[in-house]
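Let's go through some of the labels used for a model like this one and ask what stands behind each of them.

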Amino acid sequence: MTNKPIIKNRTSLESQLRPKSLKEYVGQKNIVKSLQLFVDAVLNRGSVAEHILLYGPPGIGKTTLAYILAVELKGEMKITSGPAIERVGDLAAILTNLKDNDVLFIDEIHRLPKPVEEALYPVMEEYFLDIVLGKGPAARIVRLPLPKITIIGSTTRVALLSSPLRDRFGLILRLDFYNDNEMKEIILRSSEILNLPIDEESAQQIAKRSRRTPRIGNRILKRVRDLYEVEHYKAITKEVVNELFSILEIDEIGLTDIDIEYLKTIIKKFDGGPVGVSTMASSLSEDQQTIEEFIEPFLIQLGFIKKTPKGRVATEKAHNHLKLPKHKENTKQQILV
């Protein structure tokens with residue numbers, strides 16, 4: 001008779017790792033204070049909450065905060081995204097299934113189609129959805145009453161939101177990257193939830209390689225758990241963590257192989273720059289959007305590259321980290337963007 005694995009919990013791992021209240025939330029202290037004040041005021045007045053816009057880099061807790069706010073406001077959360085709402089009818093189907101105090105979380109809200117965005121205006125201001133019936137001279141508008149809900153929008157590109165939509169949010173909050181101590185606290189908290197025996201030094205090592213982003217830190221921790229379980233280690237130590245980083249090709253500050261290849265390409269092929277992003281994309285066989293949105297932001301944070309009108313330039317910090325000599329001033333024709 002073969003032993004079948006026992007599934008102890010079918011709840012998704014992501015939902016297990018998410019904090020359930022503002023008090024549990026690590027980091028973003030000013031944001032948490034603002035939201036706690038907001039929630040307390042709403043509950044004291046007994047009135048419906050204003051709508052909230054959260055913006056910032058991916059993976060830093062916007063969706064988690066929306067979940068928490070739904071709980072704090074005594075409602076349920078419905079999740080959708082801008083590209084998923086193609087027509088006003090799609091919006092109507094979502095809204096009519098909500099109840100008072102519920103939260104509608106719209107991820108990538110900057111990608112809402114224009115007709116849907118305009119249909120959202122009366123929803124946010126008056127809790128009515130205007131639906132046009134018929135066409136031409138016989139067309140008429142029917143106002144559909146809606147429950148008193150809170151809309152939470154999320155975006156990584158707030159500048160792409162139109163002013164009329166942005167101005168309808170009562171609270172606009174920017175989430176920023178975390179520091180190493182906050183990341184270590186998150187790693188230790190997640191380790192406890194996953195029942196992983198980890199020491200503080202190992203948690204600190206993971207935190208340093210997490211690009212100051214909780215999603216990445218938890219992703220690394222899940223791979224640590226895989227190694228811990230497969231190799232039957234008794235505890236997660238510095239040696240275990242270093243073994244994983246060797247497998248994943250992540251260096252001591254969180255650079256991956258593609259980050260290092262990017263820096264070496266600027267330094268070795270183009271004498272440290274400046275070099276245009278399209279040229280870099282061709283050299284790395286990557287598309288330009290991947291370069292600009294996935295690779296470069298962290299390198300800019302670290303101060304390893306800088307953007308100039310003539311292209312990307314590798315800084316002295318990048319040369320020192322890779323232990324590559326800095327080229328003399330390039331006298332060749334500079335490669336423009």
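Q: Which residues of helix 10 (residues 238-248) are called buried, and what makes a residue buried or exposed?
A: Val240, Val241, Leu244 and Phe245 are the buried ones. Buried means under 20% relative accessible area, exposed means over 50%, and partly exposed lies in between, with a 1.4 Å probe and protein chains only. Helices here are DSSP runs of H or I with at least four residues, strands are runs of E with at least two, and both are numbered from the N terminus.

Q: Why are the buried residues of helix 10 said to line one face?
A: Seen down the helix axis, they fall within an arc of 135 degrees, so they line one face of helix 10. The arc is taken from the directions that run from the helix axis to the C-beta atoms. On the other side of helix 10, Glu239 and Ser246 are exposed.

Q: What covers the buried residues of helix 10?
A: The cover includes helix 8 (200-208) and helix 9 (214-230), where contact means heavy atoms within 4.5 Å.

Q: How reliable must a residue be to count, and how are residues numbered?
A: This is a predicted model, in which local features need pLDDT of at least 70 and side-chain atom pairs count only at pLDDT 80 or more, while totals for chains, interfaces and linings use all residues. Residues are numbered from 1 along each chain as its sequence is written, and side-chain values use heavy atoms, leaving out hydrogens and water.

Q: Why are helix 11 and helix 12 called roughly perpendicular?
A: Helix 11 (residues 257-269) and helix 12 (residues 277-284) pack at an angle of about 110 degrees, with their axes 11 Å apart. Axes are lines fitted to C-alpha atoms, for helices over the stretch in contact, and angles run from 0 to 180 degrees between N-to-C directions. Angles under 35 degrees count as roughly parallel, over 145 as roughly antiparallel, 65 to 115 as roughly perpendicular and the rest as oblique. Helix 11 and helix 12 are therefore roughly perpendicular to each other.

Q: Which residues make that contact, and how do they divide by class?
A: Glu261, Tyr262, Thr265, Ile266 and Lys269 of helix 11 meet Met280, Ser283 and Leu284 of helix 12. They divide into 4 nonpolar, 2 polar and 2 charged; Ala, Val, Leu, Ile, Met, Phe, Trp, Tyr, Cys and Pro count as nonpolar, Asp, Glu, Lys and Arg as charged, and the others, Gly among them, as polar.
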